[in-house]
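Welcome! Open the viewer, get your selection tool ready, and let's take a short walk together.

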Amino acid sequence: MSQHSYDVIVAGVGAMGSASCWHLAQRGLKVLGLERFDLGHAMGSSHGLTRIIRLAYFEGSHYVPIVKRAHELWAQTGEQAGMKLLHVTGSLDLAPKGGGPVESSLQSCLDHGLTHEVLEGSEVTRRFPAFQLPEGHIGLWQPDGGFVASEKAIYAHVGLAQSHGAEIRTNEPMLDWTPTAQGGVIVRTERGTYSAGRLVITSGGWIADAVPTLKERVSTVKQAIGWFTTRRPELFREGAFPVFILSADEGTFYGFPLYEHPGFKLGGPHFGREPIDPHDQDRTPSENQIRLIRECLARYIPDAAGEPLTVKGCIYTVSPDEDFIIDTVPGVPQAVFASACSGHGFKFASAIGEILADLSTSGQSPFDLKPFSLSRLPA
Ligand SMILES: Cc1cc2nc3c(=O)[nH]c(=O)nc-3n(C[C@H](O)[C@H](O)[C@H](O)COP(=O)(O)OP(=O)(O)OC[C@H]3O[C@@H](n4cnc5c(N)ncnc54)[C@H](O)[C@@H]3O)c2cc1C
């Protein structure tokens, strides 16, 4: 077997890994990206055309500085790659007044001076007639939110990384890795053995294979997304309809304007998760998940409650407190990782790639990463 040498190996070229390859390669480093499947595959966490980007962040104000940087980078990377990655549509959090998510998102806007409006349910429906909200629901409108074209984002990052010399090998999973006495790493695949000064582990749902200490700390669950026939597509076109997160009795659901598919895309229920082993090849969503999505459409967005055109399953990698984990592997400072983005990480990928490149090259980040440390989670 041949042994090639790199400055950095990135294991897992999905959302976080493709961005890492780009940020490392543009710094002039010799980068190898290893990917288990082909690019843009539908076995991980990043397929399905779109991911919401929200600056108003009910999950916590501490995310806002990073998502602001990510927003900037999505626009910039799209321009550099000649692809439109960031679509600004405005974002809506919809929840019962006093129920939590709207108030938490509002707090993040106040903490970080984000433009926003709190809307009564009737005003939400006046602006966006597709919604039929439950009595007592209110909305938080934030005009900078929108969506990122998810597979395109991976292609864009990889294309840019390759144009700066990165080598990307698909269908070649990392089998294992070992630190060397000289402070580097050796990575083994079925096709070869590679050495590098640094390792970035971004293997998503499979992260615990490479970072065994995560086995007790993260879990993988299946989520459903579907595209449904709309009676009135004009209500859902980009420009007429925002991205949204709706908390209702049935669960938390999220949706998008029409984009590169004739159907209206709805995902969820965000917290209604079903365990999955990522090594199991079946990604079919359960009947219960699809039933809940269809009930949500029928009650709250009836003009999009037509027949399903496409349904897909997707993996969330979840930490116990639903905050990300971005850290170095314990005892191995030359290996960094990011995962357990708990179903809300894609929007950050452009910035997390930059953060992992910073950690790999200088051991530091301009962002406060304490909320994302491994040590916050009991083993
Ligand atoms: C249905 C659904 C909807 C979502 N909606 C949103 C949203 O609207 N907004 C948002 O911000 N986030 C959202 N998320 C979450 C977001 O998509 C994820 O946090 C993000 O995609 C995770 O990126 P990742 O790079 O960690 O994983 P992935 O993109 O899955 O990448 C991991 C990669 O590692 C590869 N790999 C695994 N093992 C190995 C190995 N041993 N060697 C080499 N390669 C390996 C995998 O094949 C994969 O390509 C959603 C997730 C799902 C599932």
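A polar contact, the first thing to look for, is a pair of N or O atoms within 3.5 Å; within protein, one must be able to donate a hydrogen and the other to accept it, and residues adjacent in sequence count only if both atoms are side-chain atoms. Before you click, note that this is a predicted model, where local features need pLDDT of at least 70, side-chain atom pairs count only at pLDDT 80 or more, and totals for chains, interfaces and linings use all residues. Residues are numbered from 1 along each chain as its sequence is written, and side-chain values use heavy atoms, with hydrogens and water left out.

At isoleucine 52, a polar backbone atom is 2.7 Å from a ligand oxygen. Alone, the ligand would expose 1000 Å², and the protein buries 96% of that (areas by the Shrake-Rupley method with a 1.4 Å probe; for residues, only the protein chains shown count as cover).

Now show the 31 residues around the ligand, meaning those with a heavy atom within 4 Å of it. Glu35, His41, Ser46, Cys314 and Lys347 come nearest. Which element gives the most to this shell? Strand E18 does, with three residues. Helices (H or I, at least four residues) and strands (E, at least two) are DSSP runs, numbered from the N terminus.

**Stop two: two helices.** Select H2 (residues 64-81) and H8 (residues 349-362), whose axes come within 7 Å and cross at roughly 100°. Axes are lines fitted to C-alpha atoms, for helices over the stretch in contact, with angles running from 0 to 180 degrees between N-to-C directions. H2 and H8 are therefore roughly perpendicular, the word for angles of 65 to 115 degrees. Among the residues that meet are Leu73 and Trp74 in H2 and Glu354 and Ile355 in H8, with contact meaning heavy atoms within 4.5 Å.

**Stop three: two loops.** Go to proline 269, in the loop between strands E16 (264-268) and E17 (274-275). A cis peptide bond joins glycine 268 to proline 269, with omega about -10°. Finish at alanine 340, in the loop between strand E20 (332-339) and H8. Alanine 340 is not a glycine, yet has a positive phi of about 50°.

Terms used. Parallel < 35°, antiparallel > 145°, perpendicular 65-115°, else oblique.
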